[in-house]
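Subject: The structure you asked for

Hi,

Open it first and keep it on screen while you read.

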Amino acid sequence: MNPGQLAFDLAHRPALGREAFYEAASNAAALAAVEGWRGWPGGRMLLVGPAGAGKTHLAHVFAAACNGAVVVQAASLVDVPGLAALPGVAVEDAEAIAGDVAAETALFHLHNLMLAEGGRLLVTAATPPRDWGLCLPDLQSRMQGAPLVRVEAPCDALLAALLVKLFADRQIEVTPALIRWLVPRIERSFAGAGDAVALLDAAALAGGQPVTRRLAAQVMGGVLDSSDAASDDTRDALKDVP
């Protein structure tokens, strides 16, 4: 770290509106299912996919479309009757409550009350209900009986769009060339993209420098060719020019 240079790990707020959601082949079915919330069979839908796949983003897309709906964590369900009176509820990370009888019971009652009231219930999880390890047979049967849509592994186009969004969420301006350099070099997962952005953000803060391909190569390992170096040198040389 340069003398006097302090790195602040400031909280960043991700953009969770529909306009910020990038549609690709890997998530098109999930997006269509969420946007079709009015026609969900039985008024419920399970959204399954790996960490960082965009489930939270889709939950917020649903909540905005179903005016008055809210997004809550499965492990923090309280005031179930109050939630059931809303037009919609998105319950996130349902697999996290497996074995917690109180939390499982809360989700069971929320499911039944919302459907009785004609509301819409979206439940997100990393895996299908059969893999959660639920201890309440009634909740297990209801979750396994709900329609399910998956968010699949990302394609290159989606990874690129995700990287751009994650940098933008942190108010970091990057070039298309950096995104093209990163896509084949990061772990091919949503979580991998998030880890790469967090790593580069921390390195840039610590070094008091912008996020460039040169920095990415230093931090993540890689070889820059002459055009890479030249482009970064040019950017550095022109950054203070009006």
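This is a predicted model: local features need pLDDT of at least 70, side-chain atom pairs count only at pLDDT 80 or more; totals for chains, interfaces and linings use all residues.

Residues are numbered from 1 along each chain as its sequence is written, and side-chain values use heavy atoms, with hydrogens and water left out.

**Lys55**

Is Lys55 buried or exposed? Lys55 is buried, because its relative accessible area is 8% (buried means under 20% relative accessible area, exposed over 50%, partly exposed in between, with a 1.4 Å probe and protein chains only). Contact here means heavy atoms within 4.5 Å. Setting aside neighbours within four places in sequence, Lys55 touches Leu47, Val48, Gly49, Pro50, Glu92, Thr124, Ala125 and Ala126.

**A cluster of rings**

Next, the aromatic side chains. Rings of Phe, Tyr and Trp (its six-membered ring) pair if their centres lie within 6.5 Å; planes under 30 degrees apart count as stacked, over 60 as edge-to-face and the rest as tilted. The structure has two aromatic pairs. In one of them, Trp37 and Phe62 have ring centres 6.4 Å apart and planes at 75 degrees, so this pair is edge-to-face. Trp37 is in the loop between helix 1 (28–35) and strand 1 (44–48), while Phe62 is in helix 2 (residues 55–65), so the pair ties together parts 25 residues apart in sequence. Both residues, Trp37 and Phe62, are buried.

Phe62 also pairs with Trp40: their ring centres are 5.2 Å apart and their planes are at 25 degrees, so that pair is stacked. Trp40 is in the loop between helix 1 and strand 1 and Phe62 in helix 2, so these two tie together parts 22 residues apart in sequence. Trp40 counts as buried because its relative accessibility is 5%, and for Phe62 the relative accessible area is 0%. Put together, the ring pairs link Trp37, Trp40 and Phe62 into a cluster.

**Salt bridges**

A salt bridge is a side-chain nitrogen of Lys or Arg within 4 Å of a carboxyl oxygen of Asp or Glu. How many salt bridges does the structure hold? There are three.

- Asp131 and Arg130 meet at 4.0 Å, N to O. Asp131 is partly exposed at 46% relative accessibility, and Arg130 is exposed with a relative accessible area of 56%.
- Asp169 and Lys165 meet at 2.8 Å, N to O. They are four residues apart in helix 6 (residues 156–169), which means that about one helical turn separates them. Asp169 and Lys165 are both buried.
- Arg170 and Asp201 meet at 2.7 Å, N to O. Arg170 is in the loop between helix 6 and helix 7 (176–182) and Asp201 is in helix 8 (residues 190–207), so the pair ties together parts 31 residues apart in sequence. Asp201 is buried, at 13% relative accessibility.

**Helix 6**

**Cysteines and the whole protein**

A disulfide is a covalent bond between the sulfur atoms of two cysteines. Taking it as a pair of cysteine sulfur atoms within 2.5 Å, a search of the whole structure finds zero disulfides. Cys66 is buried, with a relative accessible area of 2%, whereas Cys155 is partly exposed at 30%.

Finally, the whole protein: buried residues make up 42% of its 242 residues. Of the contacts between residues at least 6 apart in sequence, 67% join residues at least 24 apart.

Cheers
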